[in-house]
Amino acid sequence: MMHKLGVIIISWCLWLPAQAKVAEYQLENGMQIVVLENHRAPVVAHQVWYRVGSNYEPGGLTGISHMLEHMMFKDTTTLKTGEFSKRVSQMGGEQNAFTSSDVTAYYQIIGKQHLEAVMALEADRMRNMIVKDDEFFKERDVVAEERRWRTDDKPGSILYEQFMAAAFVNSPQHSPTVGWMTDIQHYQPQDVRDWYQKWYAPNNAILVVVGDVEPKQVLALAQKYYGPLKPETIQPPKPQIEIPQVGERRITIKGATKEPSMIMGFHVPSLLTAEQPEEVYALSVLSSVLDGDDSARLTQLIRGSQVATSVGAGYDETSRLSTLFLFNGSPATGHTLKDLEASIWQAIQKLQDEPISASELERVLAQSEAQYVFHQDSLESQAMVLGSLVTKGLPADTFEHWIENLRKVTPTQVQAVAKKYFSPDVVTVGELLPNGQEAKAGANQITMGGSVH
């Protein structure tokens with residue numbers, strides 16, 4: 001079965017209704033507001049996004065954004081620990097939060113009649129959180145245990161973490177979103193208080209509301225609850241631009257896994273870092289040519305040559321910093337990691353030697369349009385798209401025009417980016433080998449990117 005990489009953060013929730021109109025406002029305190037009407041059901045997705053994630057963190061405090069996310073469900077000046085979640089539950093709503101490399105977000109799905117109530121709750125914890133020492137140390141243990149469960153007990157996740165640390169030398173992408181264990185164990189309550197005070201301010205936040213609402217209604221409520229909050233002086237971290245890669249990087253680790261696995265990666269631009277944005281769309285098409293359905297080229301390594309039991313490729317087109325185009329997989333019985341890597345290189349070589357066919361290009365576009373239709377049904381997905389784009393500084397209508405831009409991609413452009421970015425001199429390879437110990441369930445599972453509360 002194909003193992004699709006989890007790094008394609010946006011692709012699962014990519015598309016907005018073509019006819020939808022996004023209303024955008026800004027409060028006097030700097031808070032941005034994005035509203036998308038969808039009147040299919042009396043339901044609303046309410047989300048608050050902060051421009052802060054693991055890529056903002058200094059050494060010694062890796063993962064502090066994620067730790068703060070946990071503390072946001074504790075005390076405020078008006079609520080006791082756990083009361084936020086209890087109130088949302090009493091409304092019949094669903095709620096959660098996540099931290100990624102670029103952002104931290106809090107979200108609720110509720111009946112439209114409860115929009116004002118959740119807005120009041122979220123505005124309260126934006127500036128009124130209280131970090132009690134006893135609650136902090138209990139939650140620090142929870143976060144440490146989460147890291148053990150999500151990463152330390154899963155050799156596949158350790159492989160990904162060590163692979164990223166090798167692929168990024170001086171960029172913030174070097175460190176995991178959940179943080180290194182030694183950093184977690186040395187957090188102090190004041191670290192979270194300082195991080196909260198610095199980043200959780202209205203002028204560093206974006207409110208996204210999607211559902212059965214009128215934009216002016218949302219604006220009026222936002223002015224009432226978020227408007228009185230004082231802004232903060234926000235000093236973005238200094239640039240830490242990844243140094244050029246000047247040769248192959250390769251790591252090998254061993255763990256309690258039944259089968260070996262591997263990750264290969266190449267530095268590529270995102271929409272936020274590209275000098276030529278058309279290359280991003282060409283790389284996106286290339287990704288879908290390799291992976292995505294039974295007709296994808298890498299699938300033939302499973303069903304055709306039977307070299308692999310799993311193989312995939314992926315790419316995060318909207319990463320705030322420079323990113324990677326990734327391949328991963330496990331060899332089939334009777335084959336080795338070397339065989340799998342050679343087969344992936346053959347697939348790359350074919351992309352570099354021959355333009356993709358018109359039928360392949362049309363297949364990719366048809367898949368994208370199908371995703372477009374599918375995701376119109378999810379308020380949460382639409383809100384996630386908007387929040388992710390606006391928080392990173394991309395226009396809210398970026399993906400409204402996504403298919404239009406994909407349709408401009410030519411086979412020659414796909415061939416050109418394959419030649420430009422995929423070279424043995426700039427590849428990073430991570431290999432995981434069995435250490436002979438009994439493998440636990442999910443040992444090869446790879447945890448990438450953000451952490452959900």
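1. Let's start with two helices. Helix 4 (residues 133-152) and helix 5 (residues 155-167) have axes that come within 7 Å and cross at roughly 90°. Axes here are lines fitted to C-alpha atoms, for helices over the stretch in contact, with angles running from 0 to 180 degrees between N-to-C directions. Helix 4 and helix 5 are therefore roughly perpendicular to each other (angles of 65 to 115 degrees get that label, under 35 is roughly parallel, over 145 roughly antiparallel and the rest oblique). On the helix 4 side, Arg147, Arg150, Thr151 and Asp152 meet Ser157, Ile158 and Glu161 of helix 5; contact means heavy atoms within 4.5 Å. Helices (H or I, at least four residues) and strands (E, at least two) are DSSP runs, numbered from the N terminus.

2. A word on what this is. It is a predicted model, where local features need pLDDT of at least 70 and side-chain atom pairs count only at pLDDT 80 or more, while totals for chains, interfaces and linings use all residues. Residues are numbered from 1 along each chain as its sequence is written, and side-chain values use heavy atoms, with hydrogens and water left out.

3. How do helix 1 and helix 7 pack? Their angle is about 90°, and the axes are 10 Å apart. Helix 1 and helix 7 are therefore roughly perpendicular to each other. Ile64, Ser65, Met67, Leu68 and Met71 in helix 1 meet Asp191, Val192, Trp195 and Tyr196 in helix 7.

4. Now the aromatics. The structure holds 19 aromatic pairs, counting rings of Phe, Tyr and Trp (its six-membered ring) whose centres lie within 6.5 Å; planes under 30 degrees apart are stacked, over 60 edge-to-face and the rest tilted. One of the 19 pairs is Phe73 with Phe84, edge-to-face at 6.3 Å centre to centre and 85° between the planes. This pair links distant parts of the chain: Phe73 is in the loop between helix 1 (64-71) and helix 2 (83-90), and Phe84 is in helix 2, 11 residues apart. Phe73 counts as buried because its relative accessibility is 7%, and Phe84 does so at 2%. The cut-offs are under 20% relative accessible area for buried, over 50% for exposed and partly exposed in between (1.4 Å probe, protein chains only).

5. Next pair: the rings of Tyr106 and Tyr200 have centres 6.1 Å apart and planes at 75°, so they are edge-to-face. This pair also links distant parts of the chain, with Tyr106 in strand 5 (residues 104-111) and Tyr200 in the loop between helix 7 (189-199) and strand 6 (205-211), 94 residues apart. Tyr106 is buried at 0% relative accessibility, and Tyr200 is buried with a relative accessible area of 0%.

6. The two pairs belong together: Tyr50, Phe73, Phe84, Tyr106, Tyr196 and Tyr200 form one aromatic cluster.

7. Is Thr323 buried or exposed? Thr323, in strand 10 (residues 323-331), is buried, at 9% relative accessibility. Leaving aside neighbours within four places in sequence, Thr323 is in contact with several residues, including Phe168, Phe266, His267 and Tyr315.

8. Thr257 is in the loop between strand 7 (249-255) and strand 8 (261-268), and it is buried at 4% relative accessibility. The side chain of Thr257 reaches the backbone oxygen of Glu259 at 3.0 Å.

9. Last, a loop residue to check. Gln306 has a positive phi of about 55° although it is not a glycine. Most residues other than glycine have a negative phi. You'll find Gln306 in the loop between helix 10 (300-303) and strand 9 (308-315).

Definitions and conventions
A polar contact is a pair of N or O atoms within 3.5 Å; within protein, one must be able to donate a hydrogen and the other to accept it, and residues adjacent in sequence count only if both atoms are side-chain atoms.
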